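Subject: Handing over a structure

Dear colleague,

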Amino acid sequence: ELARARLNLNQRRFRVFAATASCESVPLCADRGAIAMSRKFFRAQLTPVIRDAVKMARRDYREVCGLLVDSGCAIELLPVRNIARRPCRFIFDERQVKAFQGALATLGREIVGTYHSHPFADARPGRSDIAGTLDDSLMLVIDCTERQARLWHIKGDRARAVRYALV
């Protein structure tokens, strides 16, 4: 449910471009939910997000951030404006997130987590990342120096690495 998406929005970061991708070639997930769902990302969407995160990190040490949305066949990346004024931080634009929540509810889609970049750190969530996210959700962290992303399941005060596939 979208009620699960009530994230501590003042501690989240990201700005990226949204690539459109089609679900037609990907089978629908039989089991729904943040953790039970198929962990697939569209390559055409994730690759440009990583590229943009690297550009922002090089330019002014800014982070990108956004929402992970269950489309029924894969996890889509929905970019959100990062309104943090300091480098190496992110704060979701709450008005934009609320607008997305309404639109996603209309479409019957669920927010299952968040994503953000680390300009100089590895793709592992920090303590503040874990503390600021919804329990039992997913978090994609982008390492801008290695140009890679890792998916995590956040439960309690722990982060467990999760495998994902690109389609």
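Before anything else, a word on burial: a residue is called buried when its relative accessible area is under 20%, exposed when it is over 50%, and partly exposed in between, with a 1.4 Å probe and protein chains only. Helices (H or I, at least four residues) and strands (E, at least two) are DSSP runs, numbered from the N terminus.

Please keep in mind that this is a predicted model, in which local features need pLDDT of at least 70 and side-chain atom pairs count only at pLDDT 80 or more, while totals for chains, interfaces and linings use all residues. Residues are numbered from 1 along each chain as its sequence is written, and side-chain values use heavy atoms, with hydrogens and water left out.

To begin with the overall picture, the protein chain has three helices and eight strands, which follow one another along the sequence as β-α-β-β-α-β-α-β-β-β-β. Of the 167 residues in the protein chain, 50% are buried. A contact is taken to mean heavy atoms within 4.5 Å, and among the contacts with a separation of 6 or more, 69% are between residues 24 or more positions apart. The protein chain exposes about 8,600 Å², of which carbon and sulfur atoms supply 49%; these areas come from the Shrake-Rupley method with a 1.4 Å probe, and for residues only the protein chains shown count as cover.

After α1 comes Y61, which has a positive phi, near 60°.

The next point concerns the nonpolar cores, each of which is a set of buried Ala, Val, Leu, Ile, Met, Phe, Trp, Tyr and Cys residues joined through side-chain atoms within 4.5 Å. The largest of them has 21 residues, and those with the most contacts inside it are F41, L68, L77, Y115, L140, I142 and L151. At least two residues of this core come from each of α1, β3, β4, β5 and β6, and α1 gives the most, with seven residues. Apart from this core lies another, of nine residues, including V69, F90, F92 and I111. In soluble globular proteins, nonpolar side chains tend to be buried together.

The strands near the end of the list above deserve a careful look, and here two strands are said to pair if DSSP finds at least two bridges between them. Strands β5 (137–143) and β6 (residues 148–155) pair in the antiparallel sense over seven bridges, and L140 has L151 of β6 as its bridge partner. Leaving aside its neighbours within four places in sequence, L151 is in contact with residues that include F41, L68, L138, L140 and V162. β5 and β6 form a hairpin with four residues between them, and R147 in the turn has a positive phi of about 55°, although R147 is not a glycine; R147 is partly exposed, at a relative accessible area of 46%.

β6 also pairs with β7 (residues 158–162), again in the antiparallel sense, over five bridges. In β7, R160 is the bridge partner of H153, and R158 stands opposite K155. Two residues lie between the strands of this hairpin, where G156 takes a positive phi near 65°.

D136, in the loop between α3 (127–131) and β5, likewise has a positive phi, near 60°, without being a glycine, and at 24% relative accessibility D136 counts as partly exposed.

How many disulfides does a search of the whole structure find? The search finds zero, a disulfide being a pair of cysteine sulfur atoms within 2.5 Å. The cysteine sulfur closest to that of C144 is in C88, at 9.3 Å, which is too far for a bond. C144 is buried, with a relative accessible area of 7%, and C65 is buried as well, at 0% relative accessibility.

With best wishes
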